[in-house]
Amino acid sequence: MSPVDGATMVVTLSRALRAAGLPVAPDRSVVAARALLILPPRNRDELYWATRLSFVASHEQVATFNRVFAELVDGRVDPADSRGDSNAPPPASQRGERRTDDSPRREVEGAGSSDRSPWATAADVIDQPGGISRETVIAAASADERLARKSFDALDDGELADLRHLMARLSLIPPPRRSRRVRRAHHGHQLDVRATLRRSVRAGDYPTRLAWRKRRLRPRQLVLICDVSGSMEPYARAYLQFLQCAVGGASAEAFVFATRLTRLTRVLRRASPAVALQRAAGAAPDWSSGTRIGAALHTFVRSYGSRGMARDAVVVIVSDGWEVGDPATVASAMAALKRLAYQVVWVNPHKANPHFAPLAGGMAAALPYVDSFRSGHSIEALQEVAEAIAAGRQ
């Protein structure tokens, strides 16, 4: 069986099983397609067991699967009847049907020439005049899986709207840090003298039980700075949703910049994506203009970072690294930011290109001060960004 036949067979069989009442999820179709692609069945029995192990989740579903499989393949015999399966349908001879070893298999109604797989016609899943392609394997995957792998610059308006619920699943949890406040603890590194003496006074004796305390842990501040210049226009709307989800879920601080820095934390909080996009465009008049990374980062360090926002924080910069000014300003701004922040993560969507090299002036100047360099061009790539944020400084 060719890979194409296996893919179309999986689509047809999964639809027929769902029509028969079996709860066939998309992930089981993916497992079946991969199984037939990795280990192509050489005969009918191998095909039966490969698909049965992929689609059947309980013993009660075996009888339904056997019936559907026998009807779609040849309508004659089920492999389970030779293995003593009590749930298998009766053989054709017990149903009053004739069965001969040389009888041809039943063809699917409406099938074309003999060199074309009947599975494609039976399910009516492909309307391509040029035939079936290997892209049919993707048909078994769910819409969320396909959307998670798709690059942000290739999304249409409908897919951008569906992107938000996938963004909300991302867990942006920076590593904790020790605060100056302390709390009581059974075991700690610092003796609580006052609590120990109070215990001794209440007991009217020498202090026999020592009280300890240790520093509290609190999450680090997460700061996201996104480039919305003209070169980042294909990715700007997707990353704006990323900023909004981070502000709402991780209490992050959000900034955008093109030629100047604009804070969007209040604009993005508690607003729908459409409203947030309009407000963000109005708050940042330099949207889709030139790029001055160095000037924007200097403004952030002077106005926000040195006042405490970036101190011991995780700072995520989303930019392709194109700088219209002097790259030396980017290097000096990144050096100042590196002294303040706990970790600096740079997200460049062009990094996903296999031929990418950090040759842009701003990118080359900033890279020595970056702790983690990621692509972040899709939901799957943003998951790697979330893991880098949680992992902390290496």
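Helix H15 (residues 379–391) supplies the largest share of the negative patch, namely three residues, where helices are DSSP runs of H or I with at least four residues, strands are runs of E with at least two, and both are numbered from the N terminus. The patch itself gathers Asp27, Glu145, Glu380, Glu384 and Glu387 on the surface. Patch members have over 30% relative accessible area and no salt bridge, and like charges are joined within 9 Å; a salt bridge is a side-chain nitrogen of Lys or Arg within 4 Å of a carboxyl oxygen of Asp or Glu. Within H15 lies Glu380, which is partly exposed with a relative accessible area of 43%, the class between buried (under 20%) and exposed (over 50%), computed with a 1.4 Å probe and protein chains only.

This is a predicted model, in which local features need pLDDT of at least 70 and side-chain atom pairs count only at pLDDT 80 or more, while totals for chains, interfaces and linings use all residues. Residues are numbered from 1 along each chain as its sequence is written, and side-chain values use heavy atoms, leaving out hydrogens and water.

Arg218, found in strand S3, counts as partly exposed because its relative accessibility is 45%.

Turning to helix H4 (residues 62–73), its buried residues are Val62, Phe65, Asn66, Val68, Phe69, Ala70 and Val73.

Notes. Patch = residues over 30% accessible without salt bridge, like charges linked within 9 Å, V, L, I, M, F, W, Y side chains within 5 Å. Areas by Shrake-Rupley, 256 points an atom, 1.4 Å probe, with all protein chains shown as cover. Lys, Arg positive; Asp, Glu negative; His and termini not counted. Charge placed at Lys NZ, Arg CZ, Asp CG, Glu CD.
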